Amino acid sequence: MILVLNAGSSSLKVEVFDPDLTSVLSGQVSAIGTHGALKLGGTETAVETGNHADALTLMLAALADAGFGLDAFSAAAHRVVHGGTILTAPARVTPVVIEAIRSVIPLAPLHNPNNLAAMLALQDRAPDLPQYASFGTAFHATNPAVATRYAIPQTQADAGIRRYGFHGLSYANMVAEFGDALPPRLLALHLGNGASLCAIENGKSVATSMGYSPLSGLTMGTRSGDIDGAAVLRISAALGEEDTDRMLNRSSGLKALAGDNDMRTLLARQDDAARFAIDHFCYWAARHAGSAIVAMGGVDAVAFTGGIGENANPIRDRIMGHLTCFGSLPVHVIAADEEKQIARDALTLIKADR
């Protein structure tokens, strides 16, 4: 059994997979640092946690009560949001890898420390349990330099200011789920509250819409997507850096356009604001899609994943309507499953170590 851990900014999700990548049990601790809840299977319990280490202790106890003590696992596998330019493939957790994750904390200050905290806490509890890490940016490490370099001075590029791309585990899972049927040039769209797209050529990412951070690219639930840097500077001069960051990441996107970031609600509404927000979302997804198609030199198929991508047929249809200039394209819907990809990565590394 593989124990997959996904430590968010204020949550800890876990999922147990068997060697055939079948999910056996899942759960999470929410609202870490305050009054939250522990969910496992069909049960939910109110809990209080001070940090991610506390949350892990509670979750491990609940897993043991459910018949999954630490001795039931052959390995643990973690999602790490950012690998920078150093960690560009899944890896076994070693002191060197831990230091590398620590070194890129400035690129993901809200997430990498929590990913690392779960890793270290589990290491203390089970020092002999092999641990593996998968990185949310790694899938895009195959992007050419012309796609990742901003046209800024070398000193800033050397400081790490470049395009990295995100949702990499979702795209890697998509490629794995296609298997031998993977189209040579696939336009992949991960559409949820966070939204991005990726040009996948022969199974490799060659371009993606997100950049230095998950803020750029498509219109999203609460993120603005692309916005001119000069506009950001002007807003920041008026609001200050923290409030500007909060506005662009939490109060923009669909929420700013229509007062709500739930696509199901917007599709059910009949008012002008909701219609415009949906138009904006689909227009910019399609406009960025054109850029991705150019990066691949054409397109053979389109695949959607994520909460909106999988469940909102009107959104898929509207985006595809914008893309009719590229001819009639096969459309696929692939279930998003980052945890399954993390388990898959760990099993691949385990087999390679034997």
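Predicted model: local features only at pLDDT ≥ 70, side-chain atom pairs only at ≥ 80, totals over all residues.
Two packed helices are described by the angle between their axes and the distance between the axes. Helix α2 covers residues 95–103, and helix α3 covers residues 112–125. Their axes come within 9 Å and cross at roughly 155°. Angles over 145 degrees count as roughly antiparallel, and α2 and α3 are therefore roughly antiparallel to each other. The crossing of α2 past α3 is left-handed. On the α2 side, the contact involves Ile-98, Ile-101 and Arg-102. These meet Asn-112, Leu-116, Met-119, Leu-120 and Gln-123 of α3. Sorted by class, the contact of α2 with α3 comprises five nonpolar residues, two polar residues and one charged residue.

Neighbours within four places in sequence aside, Ile-101 is in contact with Val-80, Leu-87, Asn-112, Leu-116, Met-119 and Phe-135. Asn-112, Leu-116 and Met-119 are among the α3 residues met by α2. Ile-101 and Ala-133 are separated by 32 residues in sequence. In space, their C-alpha atoms lie 9.8 Å apart.

The other pair is α7 and α8. Helix α7 spans residues 229–239, and helix α8 spans residues 241–250. The two pack at an angle of about 125°, and their axes are 7 Å apart. This angle makes α7 oblique to α8. Helix α7 passes α8 in a right-handed crossing. Val-232, Ile-235, Ser-236 and Leu-239 form the α7 side of the contact. Helix α8 contributes Glu-241, Asp-243, Thr-244, Met-247 and Leu-248. By class, the contact of α7 with α8 holds five nonpolar, two polar and two charged residues.

Two buried residues with polar side-chain contacts come next. His-140 sits in the loop between β8 (131–135) and α4 (145–148). With 1% relative accessibility, His-140 counts as buried. The side chain of His-140 makes a polar contact with the side chain of Ser-205, at 2.9 Å. Residues up to four places away in sequence aside, His-140 touches Tyr-164, Gly-165, Phe-166, Gly-168, Tyr-171, Cys-198, Ser-205 and Thr-208.

Gln-341 belongs to helix α14, residues 338–353. Its relative accessibility is 6%, so Gln-341 counts as buried. The side chain of Gln-341 reaches the backbone nitrogen of Asn-173 at 3.4 Å. Beyond residues up to four places away in sequence, Gln-341 touches Leu-169, Ala-172, Asn-173 and Ala-176.

The backbone angle phi is positive at two loop residues. For His-167, a residue other than glycine, phi is near 60°. His-167 lies in the loop between α5 (154–158) and α6 (168–178). A relative accessible area of 17% makes His-167 buried. For Asn-202, also a residue other than glycine, phi is near 50°. Asn-202 is located in the loop between β10 (195–201) and β11 (204–208). Asn-202 is exposed, with 57% relative accessible area.

Note on methods
Residues numbered from 1 in each chain as written. Heavy atoms only, no water. Axes fitted to C-alpha atoms, helices over the stretch in contact; angles between N-to-C directions. Helix = DSSP H or I, 4+ residues; strand = E, 2+ residues; numbered from the N terminus. Parallel < 35°, antiparallel > 145°, perpendicular 65-115°, else oblique. Left-handed = near helix turned anticlockwise from the far one by under 90°. Contact = heavy atoms within 4.5 Å. Nonpolar A, V, L, I, M, F, W, Y, C, P; charged D, E, K, R; others polar. Buried < 20%, exposed > 50% of the residue type's maximum accessible area, 1.4 Å probe, protein only. Polar contact = N/O pair within 3.5 Å; in protein donor to acceptor, adjacent residues only side chain to side chain.
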